[in-house]
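Let's take a walk through this structure, one region at a time. Have a look at the sequence and the model first, then read on.

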Amino acid sequence: MNQSLYINHYAKAGEFVAASIYVLMGSIESGKAVNLIMLLAAFCLTSSTLSRVVTIGVVKTTVVSAFICLSPICVNQLLTYYVDGLIASSFVCLFCCFALIVVAPNRYNLVLLGLVQLIMGNIKFSSLVYCVLFGGIFLVWLFFFNRRQLLAVFNTFAVAAIFTVFLVGFNPYVINTTKYGHPLYPVMGAKKADIFTYNYPKGFEHKGAFDKFFSSLFAHTSNPTLTNGGKVELKIPFTFNRADIVNAPKVDPRIGGLGPLFSGILLVSFILLFIYIGKRGLDRNALFVLYWGVCLMLSAILLPESWWARYIPQLWLLPSLILLLYEAQPFKSARLPAIVLYVAMLINISFSATNFAWNFLISKVVDYQMDTLAESPKPVIVQWGSAAANRIRFQERGITYSEENLDGKSTENIIRSDSKFLLPETQRPLKEKPIWVVWGEKFVTAEK
């Protein structure tokens, strides 16, 4: 697919903020801080919200808040320009706003809800759809259980929608509608482009949404596609192998992308919910969790491409929601599954956290490459390919270059991209490779 489709027609809230940080700091890597900022905002808002809606102590509030915010999607993309982690953090903020409005319905919380929707609705097309969907679900809840706040929340949604679509989101939503007939072009509409088929794992081409979702949920974490010929391998919950360990920290694992242990975590959380209902009955808290739990599950299952984990970040919230239900009124018979949930979620997040070591090593290899190129006495001949943004790295380090077609020539690649370069014959590598660079190069070689 032509990459310009994404650049010209998709929502760009994350990119706008990242670009602003880049202009301020002067380093292309600094723009990635947008993910960290959003994660910290989500964590702080979650901690504040939980301290108001449940009484479980500071330690458990902090731990559960961390579990809620540190989804594998968010952790894996924290040091990248991917925006799915932003959506995951936005989901957390959105649900916190819902809870705050229920317990403290004031103008401050309504304005906060509108601002969260404004940001979330302009990150990605799917996040706009989720804003509308879960906003409607919240209105239904208020209609049955808190009608006094219904009109105020509805008005907040209406104002936020106007700003989200017609002002902040004029490009792309209005422009896409007037020029291409649908606000969500090129994903939907008469002129839509197919962006999924070539990403399907082998055997997924003719499966229904329900089948694909459960196949992905109960499978080893991996990245099979029609191009690489990989297959989806089913597994028993709570088991994992080398493929899970290798693929879990990757930026965008398609199959089993919520972590190697998530299928087991989900099952144990359901057991905990059933035990709670059996002990306490369908009290108001259980009804609240059951209502939102069913909505979260249905929003994931009914999405046509829910097999791809980054399109359903909301599903990560379900086990934590059930865990909070138990912690609000703990009892002995449910202690074991609760402990299993705590341990399993910690381990599951740890699989993704190894991403930081991987990123550190790759960054050291890239730095070494750039340092070597900076020593070149003559311009470096390059072909950027689809990774033209590498020119920013050259500019930041003062590396002179000239662009040529290098197809068919013996070249080297800039790590993790298809950009090629050709060094002058007189150019020599730096005298000594740091140990981190040696390890990073071994990692890259093993990954291939």
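A word on terms before we start: Ala, Val, Leu, Ile, Met, Phe, Trp, Tyr, Cys and Pro count as nonpolar, Asp, Glu, Lys and Arg as charged, and the others, Gly among them, as polar. Keep in mind, too, that this is a predicted model.

## The second largest pocket

With those groups in hand, here is the lining of the second largest pocket: 21 nonpolar residues, 4 polar and 1 charged. The pocket's volume comes to about 740 Å³. Its lining is made of 26 residues, and the ones closest to the centre are Val53, Ala99, Phe288, Leu321 and Leu324.

Which helix gives the most to this lining? That's α6, with 7 residues. At least two residues each come from α3 (33-53), α6 (84-103), α14 (284-301) and α15 (317-328).

## Cavities

Rolling a probe the size of a water molecule over the atoms shows where empty space is left. The structure holds 4 cavities of 30 Å³ or more, and the largest cavity has a volume of about 120 Å³.

That largest cavity has 17 lining residues, with Ser216, Leu217, Gly256, Gly257 and Leu258 nearest its centre. The largest share is from α11, with 3 residues. Sorted by type, the lining of the largest cavity has 10 nonpolar, 6 polar and 1 charged.

## Threonine 221

Next stop is the loop between α11 (209-217) and α12 (242-247), where you'll find threonine 221. Is this residue buried or exposed? Threonine 221 counts as buried because its relative accessible area is 1%, and the cut-off for buried is under 20%.

So what surrounds threonine 221? Beyond its neighbours within four places in sequence, its contacts are Ala243, Asp244, Asn247, Ala248, Pro253, Ile255, Gly256, Gly259 and Pro260. For glycine 256 there's a distance to go with it: the backbone oxygen of that residue sits 3.0 Å from a polar atom of the threonine 221 side chain.

## A sheet of 4 strands

Last up is an open sheet of 4 strands with mixed pairing, in the order β2-β1-β4-β3. At its edges are β2 (401-403) and β3 (412-413), each pairing on one side only.

Strands of a sheet pair through backbone hydrogen bonds, either parallel or antiparallel. Here, β1 (residues 380-383) and β2 run parallel, joined by 3 bridges. To spot this pair in the model, look for valine 380, which stands opposite tyrosine 401 in β2.

How values were computed:
Residues are numbered from 1 along each chain as its sequence is written. This is a predicted model: local features need pLDDT of at least 70, side-chain atom pairs count only at pLDDT 80 or more; totals for chains, interfaces and linings use all residues. Side-chain values use heavy atoms; hydrogens and water are left out. Two strands pair if DSSP finds at least two bridges between them. On a 1 Å grid over the protein atoms alone, a cavity is a set of points where a 1.4 Å probe fits but cannot get out, and a pocket is an open set with protein on both sides within 12 Å along at least five of seven lines; lining residues have an atom within 4 Å of a point. Grid points are joined across faces, edges and corners, and a volume is the space filled by probe spheres set on the points. Buried means under 20% relative accessible area, exposed over 50%, partly exposed in between (1.4 Å probe, protein chains only). A polar contact is a pair of N or O atoms within 3.5 Å; within protein, one must be able to donate a hydrogen and the other to accept it, and residues adjacent in sequence count only if both atoms are side-chain atoms. Contact means heavy atoms within 4.5 Å.
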